[in-house]
Amino acid sequence: MSRPLLLAAVVAFALLGLAPVVVMVARVDGADLHAILAARSAALLGRTALLGAGAALIALVVGIPFGFLVARTDVPGAPLWRIAGVLPILLPPLVVAMSWAGMTTLRGGLATTLVLGLCTFPLVALYSARAFERVDGRQEEAALLAGGLRAALRAELPLVLPSALFAACFAFVLAINDFAVPDYVSSIGPKWNVYADEIFASWRSSRDTGSAVASALPLVLLTALALWPALEMRRRSLLTSFSGDFRAPGTLRLGFWRWPALAFVLAVLGVAAFTPLGRLVWESGGGARGFSAANMQASFARALELGRANLASSLTFALGAAVIAVPLGLVLGHALERSGTLGRRLAPLVLIPIAVPAILFGIGGIALWNHAATGAIYDSGWMAVLLFAGRFLPFAVLSCAAATAMLDRRVEDSARLAGAGPARRLVRIVGPALAPAVFGSGLVVFVLSMRELDAAILVPAANSTVLFRLYNAVHFGRDDFVAALALLVVFFVVAPGLLWTLFARRRLEILP
Amino acid sequence: MRLLLSPSLLVLLGLAGCARNPDLVIYCSLDQEFSEELILRFARESGLEVRAEYDIEANKNVGLATRIREEAGSRPRCDVFWSNECAQVVALGEEGLLQTYDSPSARDIPADFRDPEHRWTGFAARARVLIVNTQLVPPDQIVSMWDLFDPRWKGQVAMARPLAGTTNTHMTALYLALGEKEALRYVETAARLAQDGSLNLVTGNAHVMRLVRDGQAAFGWTDSDDFNVAREAGFPVAAVYPDRDGVGTLLIPNTVCILASAPRAEAARRFVDWILRPEIEAELARSRSAQIPVRANVPRPAHVVGPDAFRAMKVDGREVGRTVRQRTAELQELFLK
């Protein structure tokens, strides 16, 4: 790796991803830490951990079979369902919660766990699908001959499980940091509070930011405890499922069982994606007050008219963040993977920007950038771009690191022996070889930036984003307008991945 | 890589044009839907380049107030804070973050809505009302804030979690209006009933409005502007201004103030003079938010009640602002379990 290039990337990561966290944590003193050790906080934290574990378990139970069925079997329409399976993670969880709360009477902790489990199952499904595809074809054929499908699955599950558990750790992290869904889902019936509520309330009640930051530390610790083993499992999953003389496995024939399997796939997609989307379509057409195509047309026209500038802002900021994150992710991810033990030791640092609550990261952004020398950046759209890039850079780094692990080191060695320098090797050899993962990592940063609200709301540029307008409209009960605008956001979030899938010759790799 | 560099250059060039130097920066937590048009009109009339930045309902005023505090310590950029309530503004004043300005437009605003030290001025208020679904309960059966705890309505009543927004201000004000013991009884009862589901504790006031409007709850606490949104949409709802014979109804005014560190103080004063005019109060009364003018002589539509239609809660807004943080910490102990 080119040292100047790597140094520049490390400095950029430290500035965009770590510095906002460091300036906030520096404000915490001993008295602030003492205040967070109350029994009430511990009870909230325990409940939050249970919620995360429950959501991760649901994601595992649903995601592993889903990933297996759409990636490896002859379930009718499997390629289509595989693409559709990503939808739940693209929808804002609150939209899913609002849809289901309007249709069922299930409330409280169980409902919250179900919603967050279903919103995060695509993570497990994606990783499981890829792990099932990395099983060696000859090994599988031997298992099939020895004991049929059951024996093959028994042999493959230990190979797939590290990948699935890695994704489940991320599902856990997403679940424990969400406070909008638990709050909304327990609006009717007994209240079910989580620790993220405590953090939000602390920003209002604390006399100084130090104690508010301190209130976030237990959740940061819980997040770190989940992400640390995730990194280890990722490493194992990459090591165990690939051998040098690899042969891709064939499609498994399920016979009659492909119909019940299809029913399972459709049921999962129906609950997690089609129903919430269907409800948005219904509400955009007038909903309970009378659905009609004319109403729907009017809602979309109004959403486009009022939200056009906001959509343009969001798309610009999200694209800007992705464009910054991708080259940094490629350089850092490649270096992380190729530097062996040192890379493994430094990997937890990469996770810091996503391990802290969004509000803390956003205020850290103000503290870092709102100075005379950087005022022009702070006042402009750059601020939103830099904030998004810093916050979501870990996904780009990990994604490129995982793809680098799959790349035969001998290819790079050959280029080196032929006289290609480190920068040239990265641009001409590694970059093109990892194109699906590089594009995929940019796509993840783009999608998350489009959806981001909590951190962005604190900086001036975020006023013009589409999520800002969407959540303001929710306040006024403009269900048709909100639904139409939410569907437009979903369309723009889905579009890049859909275009790649339709027109690119190589499969998109969108997660680490 | 070339493919990546081309869009990156385009994006970066595009963003470079985003920063402009405005003549006035306004932070506004009154809903953008109601405030944006007024601010744009001021910009047209004054010829100033105005940059307005808004908060969202989910943030409950915390976003802008946090940003003001944070920026004050590094590079102040906000000139005017137009808040949709008073507690955060009073707190900012107590922290020394506001400058004094006695606007000539505020001379006829009642003293209850003005800071004696002229750090902020209140105008165009919202009332804390009980929104009632008239198909589920006759509005005349609901007269008091204590009706929320009547076993007859178990599981059919709602309020927002009082840790932010106007519900937080409301509960803080109750300590001053009812006294420590009665107020504590009220909030403790609410917290206890929320734990067993007898009282539905929801995300915000707009959510209470939606539950009641859709018949999922019979009645609950909300703001008069949220009630008006449901009324205008034709839902079977009524607003009860409770406790005419008791503690009364809390009025929460918009407040406007100039930051102590305002980089463009002269333009800020022009805006404050403009927004505090009676015509603006009349306009806010006619808008969808149906704000209640604090001046008795300002014309208002029939659906916007006058001061004779309810008993106003007697509380000192400054004291509410001074105590809101401490009360929020206490409410956190009660409601976050």
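The model is a predicted one, and in it H118(B) takes a positive phi of about 60° without being a glycine. Most residues other than glycine have a negative phi. With 16 other C-beta atoms within 10 Å, H118(B) counts as partly exposed.

A124(B), likewise not a glycine, has a positive phi of about 40°, and its place is within strand β5 of chain B.

In α10 of chain B, which spans residues 278–286, the residues I280(B), E281(B) and L284(B) are buried. These residues cover an arc of only 100° around the axis, and they therefore lie on the same side of α10(B).

Chain B as a whole contains 11 helices and 10 strands. Its radius of gyration is 21 Å, close to the 20 Å that the globule rule gives for 337 residues, so chain B is as compact as a globular protein of that length. The C-alpha atoms of chain B occupy a box of roughly 65 × 60 × 40 Å along the principal axes. Of the 337 residues in chain B, 55% are buried, and among its contacts with a separation of 6 or more, 75% are between residues 24 or more positions apart.

Chain A has a secondary structure of 23 helices and zero strands. A compact globule of 512 residues would have a radius of gyration near 24 Å, and the 23 Å of chain A agrees with this. The box filled by the C-alpha atoms of chain A is roughly 65 × 55 × 50 Å, again along the principal axes. Buried residues account for 56% of the 512 residues in chain A, while 84% of the contacts between residues at least 6 apart in sequence join residues at least 24 apart.

Within chain A, two domains are assigned, domain 1 (1–31 + 302–512) and domain 2 (38–245 + 258–265). The C-alpha centres of domain 1 and domain 2 of chain A lie 21 Å apart, and 27 residues of domain 1 are in contact with 26 residues of domain 2. On the side of domain 1 of chain A that touches domain 2, at least two residues each are supplied by α1 (3–25), α14 (340–350), α16 (358–369), α18, α21 (435–451) and α23 (479–503) of chain A. The most is given by α23(A), with five residues. By residue class, this side of domain 1 of chain A divides into 22 nonpolar, one polar and four charged residues.

Helix α1 of chain A includes V10(A), which is partly exposed, having 16 other C-beta atoms within 10 Å. The C-alpha atoms of V10(A) and F179(A) are separated by 32 Å, the two residues being 169 residues apart along the chain.

The chains themselves meet in a contact that takes 49 residues from chain A and 52 residues from chain B. On the side of chain A that touches chain B, the residues comprise 25 nonpolar, 16 polar and eight charged.

Which residues have the most contacts inside the largest nonpolar core? They are V124(A), A171(A) and I131(B), in a core of 290 residues. Helix α18 (residues 382–406) of chain A provides the largest share of this core, 19 residues. Domain 1 and domain 2 of chain A both give residues to the core, so it lies between them. In soluble globular proteins, nonpolar side chains tend to be buried together.

On the chain B side, the account can end with I131(B), which, neighbours within four places in sequence left aside, is in contact with V208(B), M209(B), V212(B), F219(B), G220(B), T222(B), F227(B), A230(B), V237(B) and A239(B).

Definitions and conventions: Residues numbered from 1 in each chain as written. Chains lettered and ligands numbered in written order. Predicted model: local features only at pLDDT ≥ 70, side-chain atom pairs only at ≥ 80, totals over all residues. Contact = placed C-beta atoms within 7 Å. Nonpolar A, V, L, I, M, F, W, Y, C, P; charged D, E, K, R; others polar. Core = buried A, V, L, I, M, F, W, Y, C linked by C-beta atoms within 7 Å. Buried ≥ 20, exposed ≤ 12 C-beta atoms within 10 Å, placed from the backbone. Helix = DSSP H or I, 4+ residues; strand = E, 2+ residues; numbered from the N terminus. Domains from an automatic or database assignment. Rg over C-alpha atoms; globule rule 2.2 N^0.38 Å. Arc of directions from axis to C-beta.
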